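Please look through the structure shown below, with its sequence beside it. The report that follows takes up its sheets, helices, rings and backbone in turn.

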Amino acid sequence: MSGLCGWVSTEPAALPVEDMAAPFAAGRSLRCASHGLGAVALAAGPEEASLYHQDGLLIVHWGERVEALARLWRTHGARACAALSGHFAFALLDERRGEGLLAVDRCATRPLYWQMAGRSLLFASSSEALARHPGAGRELDAQAVYDYLYLHAVHGPGSMFAGQRRLAPGECLHLHGGRVERIRYWRMRYTEHAAEQAPHTELLDALSCAIDGGGEHAGTAMMLGGGPASALLATLLQRGAAHPLRSYAVGFGSGGARMLAGARAAARKAGSRHRDQTLDSDDVADAVTVLTQACDAPCGDPGAVAMLFAARMAREDGCTRLHGAFGAADLFGRGRYAGLARTNRYERLPAALRQLAIEPLLFGLGARLPGTFERVRTRIELAMAPPLDRLRRRNPLLAYGTAAMFEPDFLELLDPELPAARQEEAWWLAQARSPANRAVDLALQGDLPCRVVPGFAAACAASQLEPVLPFLDDAVVAMAARLAPRHKLGRGPRRLFAQALREVGAAAAASGKSVLPFGHWLQGDARLRALAYDSLSDLAGRRILRRDFLDLLLARRLPEDPAAHGQTVWRLMMLEGWLARGRRDEFRRGPERAVPLPGAAALASG
C-alpha cells in the first residue's frame with residue numbers, strides 16, 4: 001500500500017519518520033523531509049503524490065497540482081481548501097507562520113487520521129502508521145469494535161485505536177496560535193425541486209469530465225459489475241481511447257451467471273478486452289487471509305473479495321489503474337440506504353382498506369394470534385415506522401441482543417446507543433429535505449468513505465494498482481446533488497442510466513448482482529468452515545463476545561439462515577484476523593468522553 005504520515009511539532013522527534021511510515025513503505029520509494037515545525041514521509045509514485053519543500057513551506061500532498069495548493073495557502077490560508085477540487089489528502093507545515101493544515105477531499109477518498117500527543121499533532125493516512133508513534137499508543141477502542149459490528153465498518157470520527165480521529169469528507173484541521181480547529185469547509189447541498197429537462201445528458205457531461213481521458217492510458221482497466229453504471233463508465237472510457245480498455249468481472253458460483261452475462265454484454269458493446277472469473281469457496285478462503293493483511297481496519301464488506309480478484313486479473317495483464325463504478329448506486333438512489341426513502345407497499349393500499357379492514361383484523365381481532373398473523377403484523381409495523389427506526393430494527397446486531405452477544409465487562413467500556421445516534425445526527429444534518437437525498441447523504445458521510453472505498457483501495461493495493469473512482473469525482477457528485485429526488489426513487493435511477501446508455505449507443509443489457517454466498521459455502525466446504533470455527537474460537541478467548549453466543553451462531557443460527565448469519569460470521573472472522581495480526585488485546589478502560597482540544601473550536605462552513 002502507499003500513504004503519507006508525519007507530525008507538526010517543535011519538540012524533538014520521538015522516532016525517525018521513516019519508522020512511522022513502515023506500514024506502507026514496503027516495496028515503494030520513500031520520500032522524507034523535515035524542518036523546524038515537523039517532519040513528513042510519503043510512500044507513493046511521483047504520478048500519484050508530491051512532496052513540496054520551499055521557503056519554509058512543507059507539503060505532502062496526495063493528488064495533483066501541489067504548486068497550486070502552495071499558492072492558495074499563501075494567499076488564503078485555511079480557506080484554500082474550499083477552492084480545491086479532485087481527490088486529495090494533504091498535510092501542510094508552514095514554518096514561517098507556525099501553522100499546520102490537514103485536509104481530505106469532499107468524499108474523503110483518501111483517509112487521513114490525526115491525534116494530539118502533548119503539543120504534537122500526529123497524522124497519517126493509515127491508522128497503523130499513526131499508532132507506531134510512541135505518543136499515540138496502541139490501545140484499542142472498544143467503541144470502535146462495537147461500531148464495526150453495528151455499522152459493518154469503523155465510521156468516523158474515530159478509528160480502531162483509542163485517541164485517533166479521522167477527518168470527515170470535506171473537513172480540514174487547522175493548527176494555529178496553539179489551537180486546533182476542525183473546519184467543515186464543504187458539505188453537500190441538494191436541490192429539492194430541480195426542473196431539468198435532460199438529466200441523462202448532465203450525467204454524461206459530468207462523468208466525461210470525471211474520466212478526462214482516463215482511457216488514454218495503456219494500463220487502464222475497468223471492473224464491471226453487470227449493472228448500467230459500470231457499463232456506462234466502460235463505454236465512456238473506451239470511447240475515443242488510443243488503447244483498448246481491459247475489463248474484468250467476478251462472480252460467485254452458479255448464482256453469478258446472470259451478473260457475468262450482463263458484464264460480458266456490456267464489454268461487447270463497449271469494445272473492451274474482457275476477462276471474467278467465477279470464484280468458489282477455496283478462492284474465498286484464500287482471500288480472507290489477503291484482505292486481513294491488506295486492510296487498515298477489519299474488512300466488513302464481503303464484496304471486497306470480488307474487488308481483490310478483479311485487481312489480480314488486471315495486474316496479470318500488466319494494468320496499473322483500476323476503475324470502479326463504486327458510489328454510483330449510493331449517489332443515484334440504489335445504495336444500501338435507498339430503502340429508507342421508498343414508499344412501502346402497505347402505504348400504497350387505499351386508506352379505507354387499511355383502516356377499516358386490514359388493521360382491525362390484524363391488530364384487533366387477531367392481535368393475539370401467532371403464526372402468519374404475527375408475521376404480517378410485524379412487517380406492517382416495520383413498514384410504517386419512521387426511516388431511522390426501520391434502520392435500527394433491521395440491524396442484525398440489535399436482533400441478536402447486545403446483552404446476549406457481548407461480554408458484560410466489554411459492554412461497560414462503550415455506549416451501545418452511540419452508532420445509532422451518529423446515524424441519526426448525520427440524517428438530520430444533511431442539507432436536504434427529502435428522504436431520498438438524506439439517504440444519499442448518509443452513505444456519503446459514512447458507508448462510502450469508511451466501508452466501500454477502503455475495501456476497493458485495499459484490493460487494489462494488494463495487487464499494486466491505483467484505484468480510480470470516477471463516480472466520486474466533484475463533477476458527478478455535484479450533478480447528483482442537483483438531481484431532483486424523484487429521479488432517485490423507484491425506477492428513476494434505472495431510467496436515468498438507460499437513457500444515458502442509449503445516448504452513447506449502448507442500450508442497457510440485462511443486469512444482475514452477484515452476492516458472495518458465504519454462509520452457504522460455510523455449510524459445505526470443510527476448509528472454509530474450519531477457518532471460520534478457528535477464528536471464532538480465538539475471538540471467544542478475547543472476552544469481547546460471549547462464547548455461548550458464538551456457539552449458538554455456528555451450531556443453530558447459521559444452518560437456519562445461511563445468507564443472513566453468514567454475513568455476521570464474515571465480519572467476526574475479519575475482526576479476529578485483524579486483531580491477531582497485531583496481537584491486540586488491550587482496551588482503553590472506560591468509555592472515552594468527547595473532551596475538546598485546548599482552545600479548539602468546531603466551525604461549520606456556510
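In this predicted model, six strands make up an open sheet whose order is 2-3-1-9-8-10, and the pairing between them is antiparallel. Strand 2 (30-35) and strand 10 (165-166) stand at the edges with a single partner strand each, so one side of each of these strands has no neighbour in the sheet. Within this sheet, strand 8 (residues 113-117) and strand 9 (residues 120-124) run antiparallel and are joined by five bridges, and Gln-115 stands opposite Leu-122 in strand 9. Strands of a sheet pair through backbone hydrogen bonds, and the pairing may be either parallel or antiparallel.

The parallel kind can be seen at strand 13 (residues 220-223), which is joined to strand 16 by three bridges and runs parallel to it. Strand 13 also pairs in the parallel sense with strand 14 (residues 246-252), over three bridges. Thr-220 stands opposite Arg-321 in strand 16, while Met-222 stands opposite Ser-247 in strand 14. In a regular strand the side chains alternate between the two faces of the sheet. In strand 13, Thr-220 and Met-222 point one way and Ala-221 and Met-223 the other way, and all are buried.

The chain as a whole contains 26 helices and 18 strands, and buried residues make up 56% of its 606 residues. Of the contacts between residues at least 6 apart in sequence, 69% join residues at least 24 apart. The accessible surface comes to about 25,600 Å², and 50% of it belongs to carbon and sulfur atoms.

Among the helices, helix 22 (residues 492-503) has twelve residues and reaches 17 Å from its first C-alpha to its last, which is close to the 16 Å expected at 1.5 Å a residue. Its buried residues are Gly-492, Pro-493, Leu-496, Phe-497, Ala-498, Ala-500 and Leu-501, and the buried residues of helix 22 pack against helix 6, helix 7 (228-238) and helix 11. After helix 22 comes Gly-505, whose phi is positive, near 75°.

Which residues does Met-188 touch, if those up to four places away in sequence are not counted? Met-188 touches Leu-331, Gln-431, Asp-441, Leu-444, Val-477 and Ala-481. Met-188 has its place in the loop between strand 12 (179-184) and helix 6 (199-211), and it counts as buried because its relative accessibility is 2%, under the 20% cut-off. The C-alpha atoms of Met-188 and Pro-169 are separated by 9.7 Å, and these two residues are 19 residues apart along the chain.

The aromatic rings come next, and a search of the whole structure finds ten aromatic pairs. The table lists two of them.

| Pair | Distance between ring centres | Angle between planes | Arrangement |
|---|---|---|---|
| Phe-326 and Phe-456 | 4.9 Å | 50° | tilted |
| Phe-518 and Trp-570 | 5.4 Å | 90° | edge-to-face |

Phe-326 lies in the loop between strand 16 (321-323) and helix 11 (328-331), whereas Phe-456 lies in helix 20 (residues 435-462), so their pair ties together parts that are 130 residues apart in sequence. Phe-456 is buried, with a relative accessible area of 1%. In the other pair, Phe-518 lies in helix 23 (residues 518-524) and Trp-570 in helix 26 (residues 562-581), so this pair ties together parts that are 52 residues apart in sequence. Phe-518 is buried at a relative accessible area of 2%, and Trp-570 counts as buried at 0%.

One aromatic cluster is formed by Tyr-146, Tyr-150, Phe-406 and Phe-410.

The last topic is the backbone. Most residues other than glycine have a negative phi, and most peptide bonds are trans. The peptide bond from Gly-156 to Pro-157 is cis, with omega near 10°, and Pro-157 has its place in the loop between helix 5 (142-151) and strand 10. Gln-464, a residue other than glycine, has a positive phi near 60°, and Gln-464 lies in the loop between helix 20 and strand 17 (466-468). Arg-543 likewise has a positive phi, near 60°, and is found in the loop between helix 24 (526-540) and helix 25 (547-560). Arg-543 is exposed because its relative accessible area is 52%, which is over the 50% cut-off.

Notes
Residues numbered from 1 in each chain as written. Predicted model: local features only at pLDDT ≥ 70, side-chain atom pairs only at ≥ 80, totals over all residues. Heavy atoms only, no water. Helix = DSSP H or I, 4+ residues; strand = E, 2+ residues; numbered from the N terminus. Buried < 20%, exposed > 50% of the residue type's maximum accessible area, 1.4 Å probe, protein only. Contact = heavy atoms within 4.5 Å. Phe/Tyr/Trp six-rings, centres within 6.5 Å; stacked < 30°, edge-to-face > 60°. Expected span 1.5 Å × (residues − 1). Pairing = 2+ DSSP bridges. Areas by Shrake-Rupley, 256 points an atom, 1.4 Å probe, with all protein chains shown as cover.
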